[in-house]
Amino acid sequence: RYGAADAVWDELSSCGVRVCFANPGTTEMPLVEALNRCSRFNRPIRSILCLHENVATGAADGYARMVQHPSCVLLHLGVGLANGLSNLHNARRARTPVVVLVGDLASWHAPYDPPLNTDIQELATVVSCWTRRITDPATIPRTIRSCVHAAIAEQGVATTILCHDAVWATDEEYSRCPHSEDDPSIDNVENLEKLEISVDDVVQALARENCCIFLGGDLLLQQCWGYLHALVNGSGAILFCENGFARIDRGHGAPAVGRLPYKPSDARGAMRAFQDIVFLNTNPPKLQFGYKDDSGVLFDAEHQRLTIMPRCSATSLFTIVEKLGFTHVLDPQPQVQTAVPSDGKLNPVKLCQALAYCLPEDAVVVDESITTGAAFWDCSKACQRFSHLTLTGGAIGIGIPLAIGAAIACPARKVVNFQADGSGQYSLQGLWTQARENLSILTVICANGRYDILNMEMMMQGLLHDSPSRCLTDLGSPTIDWVSLARGYGVEAIRVSTVDGFLSAFRSWDVGPLLIEAVL
């Protein structure tokens, strides 16, 4: 049999989608059945069950950050989409291509306003660059192709809403549908190749002294290291990236890249040290929050020149290097050994040093360590090559899901999730998926028993941090038992409190998931 639901997966497969992270419900059952049958495709779509929608959406983000191509999420109605919105928000900020499929009530049933009826399209618009609703099975092939194209072209979340009666059409009913290929409204995707400035404008800016190059997107990946070394060596410019970057490939052979500080005063000081700032494949960053008696402005419009090229491909970067007459170079520096951390009780700095020391070559670090991991950026500069992923949109609870996506995308690479304890509780159910799929993920829990980021924010705002307010930032009463929680989801776990204990636990990790609760 081949019905409308089969056509959904057939089109996704033909567009290169290989994985579906799912938390389905009643209206998605025809799609679930068809997904189980799609092994007949030459390149079948792997289905990954997640126990919460925010795990599914975060995993899809992590997968796409690693393969640079969309994965798919299958969610149940507006309520399911609402549960997954925060990590779709992070994906939007990361400019990650994600295809979201949301099942809807039968088109004739929704007007009765049954209990689960919601305005799915309105919800999807919050995070999506493109949304469509399918009520007619005949529009499935073209709409699905356009959805994938939109996610890639606009580097964002593209959502297709599938009415129950559209996907339950049988093979005979679907074959009778008039399949039109001439609906211009479906392919209405903006042409984002138009550049606000030219390569020549960038070349002119980089020819000046005291220049910073602020990078984003795939210009931070290993494929661009040679071009970036050429720019730094030829122009003397300093490289920077966002504090919450989507992905950067780091370690031995990588060009030196500064990370924008989190605190407004530090970020402002770092940026205002330059007269010229060139933004390649990104827009100027914004401060995370506005504070009392603070302008909220990061740059000085009167004394700084900002050259902004929000879309800059690796090819454009190569053209810039060629026009400047710089030489493409690779790995100009000798390998520096990561320092062996001294033993003693774990604290944030010692934990960062120990993790950097243990990190295997070609690892993927999913970093949602928040305040505890502040030192990891500097501690890991001498590591072997690795990929570093962080929280992009500020919506905490992405670390465990993001690690799932990265591990599915790169099964030959070890994935380390450096995870704050408070935000880890937002998507704890992801540990079950790690165990179910036997993913090689090491989760390092920074168990300080408090929301330290909120303590820092209170100090930055000059607020009194006394006992009544502390009760809303303290996680120590009762103490969260991460070892028991992990084992309850099928993941082996170890609790450590010293550097040597951490090193021993890390070395015990081979294949499959493991959680280390690092007591700070």
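Select V199, D200, V202, V203 and L206 in helix 10, then T319, I320, K323 and L324 in helix 13: these residues meet in the predicted model, where contact denotes heavy atoms within 4.5 Å. Six of the contact residues are nonpolar, one is polar and two are charged; Ala, Val, Leu, Ile, Met, Phe, Trp, Tyr, Cys and Pro count as nonpolar, Asp, Glu, Lys and Arg as charged, and the others, Gly among them, as polar.

The model is predicted, with local features requiring pLDDT of at least 70 and side-chain atom pairs pLDDT 80 or more, whereas totals for chains, interfaces and linings use all residues. Residues are numbered from 1 along each chain as its sequence is written, and side-chain values use heavy atoms, without hydrogens or water.

Next, display residues 199-206 (helix 10) and residues 314-324 (helix 13), whose axes come within 10 Å and cross at roughly 50°. Helices here are DSSP runs (H or I, at least four residues), numbered from the N terminus; axes are lines fitted to C-alpha atoms over the stretch in contact, with angles from 0 to 180 degrees between N-to-C directions. Helix 10 and helix 13 are therefore oblique to each other.

Move on to helix 3 (residues 53-67) and helix 16 (residues 399-409), which pack at about 45° with axes 6 Å apart. To view their contact, select N54, V55, G58, A59, D61, G62, Y63, R65, M66 and V67 of helix 3 with P401, L402, I404, G405, A406, I408 and A409 of helix 16. This contact of helix 3 with helix 16 comprises 11 nonpolar, four polar and two charged residues.

Terms used
Helix = DSSP H or I, 4+ residues; strand = E, 2+ residues; numbered from the N terminus. Parallel < 35°, antiparallel > 145°, perpendicular 65-115°, else oblique.
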